[in-house]
Amino acid sequence: MSGLLQSQFHPQGSAAVRTLQELNIASGDIEASVALTSDGFMIGAALGEGSSGRHDTDICAPLLNLAECAASEVLYGQVKLLMLELSTGMLLLQQAGSGAVLAVAARPSANPGMLLHAARKAARQLQQILS
């Protein structure tokens, strides 16, 4: 894991980074993981080779907003998880308590079930850290 970032403006940034590092180590297919506020501001990140984190965070807030709008239109409730399977890998957005989101970018070879399990565990840890 080459890049570790923590927000200079968030008091729990370093604890969030430790949780993200553990997540990335637990699943060798994770290329980057980022903890964000629901507004898209970075709390902390654990990034793989060649990842700046900026692109990862720029796409998350609009995707989550779109999913929340779609869910409210059909009265399905609050979005807790959004998983996209792309030609270049997977992107997972997992709610991590009120006001926080875990974003995970993984290789195409990642097992979706294992990725989801690891992300949910990390999201619970982030929720505890941020509450």
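Me: Is Q94 buried, partly exposed or exposed, and what is its relative accessible area?
Reply: This is a predicted model, in which local features need pLDDT of at least 70, side-chain atom pairs count only at pLDDT 80 or more, and totals for chains, interfaces and linings use all residues. Residues are numbered from 1 along each chain as its sequence is written, and side-chain values use heavy atoms, without hydrogens and water. Buried means under 20% relative accessible area, exposed over 50% and partly exposed in between, with a 1.4 Å probe and protein chains only. Q94 is therefore buried, its relative accessible area being 9%.

Me: In which strand does Q94 lie, and how many residues of β5 are buried?
Reply: Helices (H or I, at least four residues) and strands (E, at least two) are DSSP runs numbered from the N terminus. Q94 belongs to β5. That strand is mostly covered, and of its seven residues the number buried is six.

Me: Which residue of β5 is the bridge partner of E85?
Reply: Two strands pair if DSSP finds at least two bridges between them. Strand β4 (residues 81-86) runs antiparallel to β5, and six bridges join them. A hairpin through two residues connects β4 to β5. The β5 partner of E85 is M90.

Me: Which residue of β6 is the bridge partner of L92?
Reply: β5 also pairs with β6, antiparallel and over six bridges. Their hairpin has four residues between the strands, and G97 in the turn has a positive phi of about 90°. In β6, L92 has as its bridge partner V104.
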